[in-house]
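Please examine the sequence and the structure shown below.

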Amino acid sequence: KMNEELINEFIKQELVYVPIKGYILKNYYPYPDFRSMSDIDILIKDNDREKSHKIMMELGYENFIKDKYVWNYRKKKSQIEIHTQLIEEEIKQDIDFKKYFSNPWQNIKPFKGDYCYILDKEYHLIYLLVHIAKHFYSCGCGVRMIMDIAVYINKFGKELDWDYIWGEMDKL
């Protein structure tokens, strides 16, 4: 469960955020506890970086990694990654994944309240596929990532616009 104190502060500070990956995917498993998580990933707008950092510091999180696009925080057993881009690095040199995912804000929809959004269904699946490719090319991928895709397709497969998805995958 995402830290309610953190979310309440994001809302209080009017910080728009998009929970991504495990935090959303766990809800599509038969039982959310089937989907283990080592961290919580949140996408924010680039111009909200300092605001989010201030919130994290005021809530007692330790910032232990500051990358250009993702800052990592921890507090006790909780680890949060605050992203400003979905894809931080190129996966293969001949495919421009960074460009394709450079503006995820065109592919979101409201989720909870005025400040919490989620990725559109088709865009989310494309992101999951590219994310697993990134891990495959760099540090490896495991069963959980494959299960995430299977669970996602099982949940939304009949609703997804597959022609759109295949067209976008062809572009990539």
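**From a buried strand to the charged pairs**

In β1, every side chain is buried: Tyr-17 and Pro-19 point one way, while Val-18 and Ile-20 point the other way. Buried here means under 20% relative accessible area, exposed means over 50%, and partly exposed lies in between (1.4 Å probe, protein chains only). In a regular strand, side chains alternate between the two faces of the sheet. Strands are DSSP runs of E with at least two residues, helices are runs of H or I with at least four, and both are numbered from the N terminus.

The model is predicted, so local features need pLDDT of at least 70 and side-chain atom pairs count only at pLDDT 80 or more, whereas totals for chains, interfaces and linings use all residues. Residues are numbered from 1 along each chain as its sequence is written, and side-chain values use heavy atoms, with hydrogens and water left out.

Strand β1 runs antiparallel to β2, and four bridges join them; two strands pair if DSSP finds at least two bridges between them. Across this pairing, Tyr-17 has Ile-44 of β2 as its bridge partner.

Helix α1 (residues 4-12) has the buried residues Leu-6, Ile-7, Glu-9 and Phe-10. They cover an arc of only 160° around the axis, which puts them on the same side of α1; the arc is that of the directions from the helix axis to the C-beta atoms. These residues pack against β1 (17-20), β2 (40-44), α3 and β5 (78-83). Leu-6 is in contact (heavy atoms within 4.5 Å) with Ile-42, Ile-55, Met-56, Leu-59, Tyr-61 and Ile-80, leaving aside its neighbours within four places in sequence. After α1 comes Glu-14, whose phi is positive, near 55°.

Helix α3 also has a buried side, made up of Arg-49, Ser-52, His-53, Ile-55 and Met-56. Seen down the axis of α3, its buried residues fall within an arc of 160°, so they line one face of the helix. Their cover includes α1, β2, β3 (62-66), β4 (70-75) and β5. On the other side of α3, Glu-50, Lys-54 and Glu-58 are exposed. Gly-60, which follows α3, has a positive phi near 90°.

The largest nonpolar core holds 51 residues, of which Leu-6, Phe-10, Tyr-17, Ile-42 and Phe-101 touch the most other members. Helix α5 gives the most to this core, with seven residues. Such a core is a set of buried Ala, Val, Leu, Ile, Met, Phe, Trp, Tyr and Cys residues joined through side-chain atoms within 4.5 Å.

Where does Thr-84 lie? Its place is in the loop between β5 and α4 (97-100), and at 4% relative accessibility Thr-84 counts as buried. Not counting residues up to four places away in sequence, Thr-84 touches Leu-43, Ile-44, Lys-45, Asp-46, Arg-49, Lys-68 and Tyr-69. Thr-84 and Ile-42 are 42 residues apart in sequence, and their C-alpha atoms are 8.5 Å apart in space.

How many salt bridges does a search of the whole structure find? The search finds seven, a salt bridge being a side-chain nitrogen of Lys or Arg within 4 Å of a carboxyl oxygen of Asp or Glu. One of them joins Glu-58 and Lys-54, with the closest N and O atoms 3.7 Å apart. Both residues lie in helix α3 (residues 49-58), four residues apart, about one turn of the helix. An α-helix has 3.6 residues a turn, so residues three or four places apart point the same way. Glu-58 is exposed at 52% relative accessibility, and Lys-54 is exposed at 51%.

Another pair of this kind lies in helix α7, where Glu-168 and Lys-171 are three residues apart, about one turn of the helix. The closest N and O atoms of this salt bridge are 2.7 Å apart. Glu-168 counts as buried at 8% relative accessibility, whereas Lys-171 counts as exposed at 62%.

A further salt bridge links Glu-159 with Lys-121, with the closest N and O atoms 3.0 Å apart. Glu-159 lies in the loop between α6 (143-156) and α7 (162-171) and Lys-121 in helix α5 (residues 121-137), so the pair ties together parts that are 38 residues apart in sequence. Lys-121 counts as partly exposed, at 22% relative accessibility.
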